[in-house]
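Hello,

Here is the model I promised to pass on to you.

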Amino acid sequence: MRPIYFDYNATTPLDPAVRAAQEPYQETIWGNPSSVHQIGRAARAALDEARYQMAQLWGSKPSEVVFTSGGTEANNLAILGTARLRRSQGRHLVTSAVEHPAVLHAFEFLARHEGFELTLVPVDQHGQVNPEDVQRALRPDTTLVSVMAANNEVGTCQPVAAIGALCRERGICFHTDAVQAFGKLPYAGVASLPADLVTVCAHKFHGPKGAGALFVRSPLQPIPLLVGGGHENERRAGTENLPAIVGLVEAFNRFVPTPVFPPTQLRLWTEELASTLTSLPGVTRRGHPTDRLANTLAFTVSGTDSIALMAALDLEGICASSGSACSAGSLEPSHVLKAMGVPPAEANALVRFSLGRETTKSEVDRVDAVLPEVLKRVRRP
Ligand SMILES: Cc1ncc(COP(=O)(O)O)c(C=O)c1O
């Protein structure tokens, strides 16, 4: 039996049309875009075209597009690069307690090694940041705030428009890790968001892995992480990965303006699963009940742990996650659930179902049917 893939927040399968769009750049147009001869010039033309298209899709200038190796690098560049750039204006940084490790650890690195001060804004029981808490955290020496658009573990959406506006009024840079939002939430452009920096990651919407981008509002110039050649307008050295870039732009074009995750259908199915789950003993639904990604359903189970839960689901052919893929296999309680005030024993027993384009009604029905038995098996009496 085909496995049931309920882990679309971790990654999505590469779309065949995206793969086809990438192929010429593996096979034929393989030059180095920096070479001045005709083979290089063909690659340069393709790279320029990809950047132009990305900018069109974002409503930005081409110079505001920085292609990266993925979401992690884009987050690192945004945070490390901007904090270092604005260091002489202040050393205070603000982020939320529920960010992806690619954001949290970048801030923690600056605090530990480079003399910055970090304020972690709390979240409510649903994992949502209150803009008033962000406002209270701001100081005259705050230079950068980062709050994600939607949480990868529990699917809670954050009030980034309000937070961005607060920052803008005060001349503070605002970054949002919108990796989980693209393809899942209604799209109205990137440059129109009240953010100076926005992170994009292709493999979350059927694009290739190892491909991402950072929107950098002009005239901001984060200090590069990678130094060498003058690639990406001096913001990211290294020969451009043209197939990855073309794949990212193709996937964005196909799957973001009209979100590839069908919201109405997925909300119906996740609610169906939630109603079965919440009728079972020891199960608590996590995340925001309404202000959430339609594809994401998170819950904890008392009297067991994530590893037992993942193993039991896997035996049934169900691919789920215990939070962020980066911490899979670890018994560390989810930092997201901890921040939501969930007791450690339960924060250790998180299951995340994230559905997607290929999910079928019969898969949902099968999971719905086996859940009571699976949970009974793993719960200690
Ligand atoms: C919210 C968020 N940010 C950043 C990332 C990092 O993306 P990547 O691992 O592709 O670099 C992820 C991936 O799980 C994510 O969910």
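Below are my notes on the ligand site, the cavity and a few single residues.

First, the ground rules. This is a predicted model, in which local features need pLDDT of at least 70 and side-chain atom pairs count only at pLDDT 80 or more, while totals for chains, interfaces and linings use all residues. Residues are numbered from 1 along each chain as its sequence is written, and side-chain values use heavy atoms, with hydrogens and water left out.

Let me start with the ligand. Its shell (residues with a heavy atom within 4 Å of the molecule) consists of Gly-71, Thr-72, Asn-75, His-100, Met-148, Asn-152, Asp-177, Val-179, Gln-180, Cys-201, His-203 and Lys-204. Helix α4, residues 71-85, supplies the largest share of that shell, with 3 residues. Helices here are DSSP runs of H or I with at least four residues, strands are runs of E with at least two, and both are numbered from the N terminus. By class, the shell has 3 nonpolar, 7 polar and 2 charged residues; nonpolar covers Ala, Val, Leu, Ile, Met, Phe, Trp, Tyr, Cys and Pro, charged covers Asp, Glu, Lys and Arg, and the others, Gly among them, count as polar.

For His-100 the distance is 3.4 Å. Taken alone, the ligand exposes 390 Å², and the protein buries 84% of that (Shrake-Rupley areas with a 1.4 Å probe).

The structure holds 1 cavity of 30 Å³ or more, and the space in the largest cavity comes to about 30 Å³. A cavity is a set of points, on a 1 Å grid over the protein atoms alone, where a 1.4 Å probe fits but cannot get out, and its lining residues have an atom within 4 Å of a point. Grid points are joined across faces, edges and corners, and the volume is the space filled by probe spheres set on the points. Val-154, Arg-285, Arg-286, Gly-287, His-288, Arg-292, Thr-296, Leu-297 and Ala-298 line the largest cavity. The elements giving two or more residues to this lining are β9 (283-286) and β10 (296-301), and β10 provides the largest share, 3 residues. The lining divides into 3 nonpolar, 3 polar and 3 charged residues.

Finally, some single residues to look at. The peptide bond from Ser-218 to Pro-219 is cis, with omega near 10°, and Pro-219 sits in the loop between β8 (212-216) and α8 (231-234). Two residues other than glycine have positive phi: His-206, near 65°, and Asn-233, about 55°. His-206 belongs to the loop between β7 (197-201) and β8, and is buried because its relative accessible area is 0% (buried means under 20%, exposed over 50%, partly exposed in between, with a 1.4 Å probe and protein chains only). Asn-233 lies in helix α8 and, at 42%, is partly exposed.

Glu-316 is found in the loop between α11 (306-315) and β11 (318-319). Its relative accessible area is 19%, so Glu-316 counts as buried. The side chains of Glu-316 and Arg-377 are joined by a polar contact of 3.2 Å (a pair of N or O atoms within 3.5 Å, one able to donate a hydrogen and the other to accept it).

Best wishes

Key:
On a 1 Å grid over the protein atoms alone, a cavity is a set of points where a 1.4 Å probe fits but cannot get out, and a pocket is an open set with protein on both sides within 12 Å along at least five of seven lines; lining residues have an atom within 4 Å of a point.
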